Amino acid sequence: MLGREPRRGAELDRAAARAEVEKLSREYGLAVDPDDVVETLPVGIAQRVELLRELAREPAVLILDEPTAVLAPAEIDALFATVRALALRGTAVLIITHKLQEVVAHTSRITVMRAGKVVARLETAQTNVDAIARAMVGGELPELAARMETTPHPALAVRGLGAGESSLAVRDASFEVRGGEIVGVAGVEGNGQSALADAIAGVISYRGTIALGGITLPAGEPARRIARGIRTIPQDRRREALVLPWSIVENAALGDQRSPSLRRGATVDRKAARELAKRIVEGFDVRTPSVDTSVSELSGGNQQKVVVGRALAHDPKFLLVYQPTRGIDVGAAALVQSRLIEARNAGVAVLLISFELDEVLALSDRVIVMYRGAIVGTFERGSIDRARIGSLMAGAGLQTGPVVESA
Amino acid sequence: MIRGLWIGLGLAVVAAAAMLLAGANPLLGFWALFRGALGGERQISETLVQTTSLLFPSLAVAFAFRAGLFNIGAEGQLVIGGLAAGVIGARLDTSGLISIPILLVAGAAGGAVWGSIAGILRARFGGNEVIATLMLNIIAALLANYLVVGPLHSPGAAGAETAELPHSSWLPTLLPDTRLTVALLIALALAFVLRWVFDRTVFGYELRAAGDAPEAARRAGIDLAKTAFVAMALSGAMAGLGGATIVTGVLHRFNVSLSPGYGFIAIAVALVGDLDPLKIIIASFAFGILQSGALTMQALAHVPKDVVSFVEGLAIVALAARRFVAGRKQMTAVAQE
């Protein structure tokens, strides 16, 4: 209600405010609880609140920057229905997004930008996803790396895992991620994925056990996990993965600062850190003037390449990946995805948590579906049923119990 | 450091305005200030004494700050360090080769204990170190006063102080007939060591990571609670060592008013020096000039020496506020990603 608070005299009319939020929420199909404190909400829900606030003002011009990055498929449909209705009523809508399907499905005209310059202006009716993608990368999109035949071996085993708080908790989750396979977690944001990832990373307390190679990991010790070969690509790369003011060299060593390969006694082996940074920059095509550049000056995609490159640099046994391509350009996203597949081919056990179903389906050997903190379905690659997974993500599995489909 | 010069210039303008308000001639005031601080060998050595006394707590503040901890308790840690050195020193009559190292270590240990209290509160219970260290300053002053007047009262001591240390425990002077001692060399060496720790060691790397990006540091296996504890203890040790050098090198006894607020001025010094130990040496010298020239300024130009305290206070407020705003902006920027 910020900016247009309903009043009763000088007082804030809380009842009216709540009623209006509820009405808007119904009208636009974006579910929010009026009494939640925004700070405590997952980013997806917080964004719904933001959207509702802007929609309520019936603006003349509406600019949406990556509006669907963290929304569920049904929410995305509802959002675009709303936006279209607004456009019909005369609102000019500008959508900034990296999701090409949305661009093609919902816009009238398209402007493609690359490296800060406009490189193409297209009429939506006369173009397609491929043409836009080519304009974006300035050539052909790189193919995803090929999936090789692997012989999966036991790696990570999660048994009866419970962690996190109330509606965002993960509850009684059991699954395995074997070396040489990618297990994808499909689900709408806010269904326990954060708690699952944080428990595996060792940064929150949990019930149940997490074991790597048959050895149960003690809780709350990220350092020991790193030493055992567990690497993570966290949700929020700017806050959880990188020290923004630091150079690529200094960031390259983070997490492995105590590893013998990166130190000489009590001092940092700066030469080794520099070599590592160079290897990451070259191997992952990080666009940067130098390895001494501060990571805060890199684009989101290049920051993410540094994070992924670092995670893969020390032959991990298990890799936890959370929204690896969120908010980065298609070229960088394709590279990151290819590197995940290559890691899998090389025998790494990969757990991929993503809110983009396409990404999960494209990369995973097995898909587990999470809803309200529980695993409600498991699908092997050969038996993946997109519609079925979509409905499980929306809560259809609650009555029937977990669904297991194998090839 | 360029920014430090601008800040210095700004403060000079404010100081000039304050002198005008106090009914004095600013040009005469500055002339007297610099004459008092740099006008001769005796003045310069006294300025270096002040520089030394500022450098220890300033390095302490910077060290904690690099680890993300706002230690505003350097004053209390310095007092406790001085107390430890004074109380033990008054009872220890042996060769200086033995007693001086003991007293310096005792001072550092006293400061470390005082700093660790806030460190433990932060590490174990997530307590805010700003409030804890602020309170501990007051407790330190009262505790010191109580101990030297009461239970640890030295026979023959007048007022709230210990008896004089035996000559053998006095720090050797660098120049005859001055109060300038080897403490200056210890402080300078400490600055260089800290710079090396920050730049080269794994410990320094982890400390800076914890300060610059705590969430990333935690996920990189760095124990934030342990880091906070160690950083506060070492920070306290540096301030306490400073207190011990004042006792063994300048006053030759502990006195409850051994510090005119070095631990607070240190906050401004550390921030002017960009938290870089080597720049902090220069910043300490600049503030040392203010400290040592103030009395001359009062005597010759009739500018109240409180103008110096006023300017220093302003520097603390302005720089600390700036730091907080910058911190908030950074957090907001991260939240918006």
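# Exercises on helix packing in chain B

Helix H7 (residues 183-200) of chain B packs against H12(B) at an angle of about 150°, with the two axes 8 Å apart. The model is predicted.

**Exercise 1.** State how H7(B) and H12(B) are oriented to each other, and list which residues make the contact.

*Solution.* Start from the angle, which is about 150°. Angles over 145 degrees count as roughly antiparallel, so H7(B) and H12(B) are roughly antiparallel to each other. Next, take the residues: H7(B) supplies Leu188(B), Ala191(B), Leu194(B) and Arg195(B), while H12(B) supplies Pro277(B), Leu278(B), Ile280(B) and Ile281(B). Last, sort them by class: 7 are nonpolar, none is polar and 1 is charged.

**Exercise 2.** Check the span of helix H12 (residues 277-301) of chain B against its number of residues, then find where H12(B) bends.

*Solution.* H12(B) has 25 residues, and at 1.5 Å a residue these should span 36 Å. The C-alpha atoms at its ends are 34 Å apart, which agrees. The bend is at Gly293(B) and amounts to about 45°. After H12(B) comes His302(B), with a positive phi near 55°.

**Exercise 3.** Describe the packing of helix H5 (residues 96-125) of chain B with helix H6 (residues 129-149) of chain B.

*Solution.* The angle between H5(B) and H6(B) is about 150° and their axes are 9 Å apart. The pair is therefore roughly antiparallel. The crossing of H5(B) and H6(B) is right-handed. On the H5(B) side are Trp114(B), Ile117(B), Ala118(B), Leu121(B) and Arg122(B); they meet Glu129(B), Ala132(B), Thr133(B), Leu136(B) and Ala140(B) of H6(B). By class, this contact of H5(B) with H6(B) holds 7 nonpolar, 1 polar and 2 charged residues.

**Exercise 4.** Work out how H8(B) and helix H10 (residues 224-251) of chain B are oriented to each other, and which residues meet.

*Solution.* The packing angle of H8(B) and H10(B) is about 110°, and their axes lie 10 Å apart. Angles of 65 to 115 degrees count as roughly perpendicular, so H8(B) and H10(B) are roughly perpendicular to each other. Glu206(B), Leu207(B) and Ala210(B) in H8(B) meet Leu224(B), Thr227(B) and Ala231(B) in H10(B). The contact of H8(B) with H10(B) divides into 4 nonpolar, 1 polar and 1 charged residues.

**Exercise 5.** Say how many residues each chain gives to the contact between chain B and chain A, and which elements of chain B give two or more residues to its side.

*Solution.* Chain B gives 17 residues and chain A gives 25 residues. In chain B, the elements that give two or more residues are helix H8 (202-212) and helix H9 (214-219). H8(B) has the largest share of the chain B side, with 6 residues. By class, the side of chain B that touches chain A has 8 nonpolar, 2 polar and 7 charged residues.

Methods: Residues are numbered from 1 along each chain as its sequence is written. Chains are lettered from A and ligands numbered from 1 in the order in which they are written. This is a predicted model: local features need pLDDT of at least 70, side-chain atom pairs count only at pLDDT 80 or more; totals for chains, interfaces and linings use all residues. Axes are lines fitted to C-alpha atoms, for helices over the stretch in contact, and angles run from 0 to 180 degrees between N-to-C directions. Helices (H or I, at least four residues) and strands (E, at least two) are DSSP runs, numbered from the N terminus. Angles under 35 degrees count as roughly parallel, over 145 as roughly antiparallel, 65 to 115 as roughly perpendicular and the rest as oblique. A crossing is left-handed if the near helix is turned anticlockwise from the far one by less than a right angle, and right-handed if clockwise. Two residues are in contact if their C-beta atoms, placed from the backbone, lie within 7 Å. Ala, Val, Leu, Ile, Met, Phe, Trp, Tyr, Cys and Pro count as nonpolar, Asp, Glu, Lys and Arg as charged, and the others, Gly among them, as polar. The expected span of a helix is 1.5 Å times one less than its number of residues. The bend at a residue is the angle between axes fitted to the seven residues ending there and the seven starting there.
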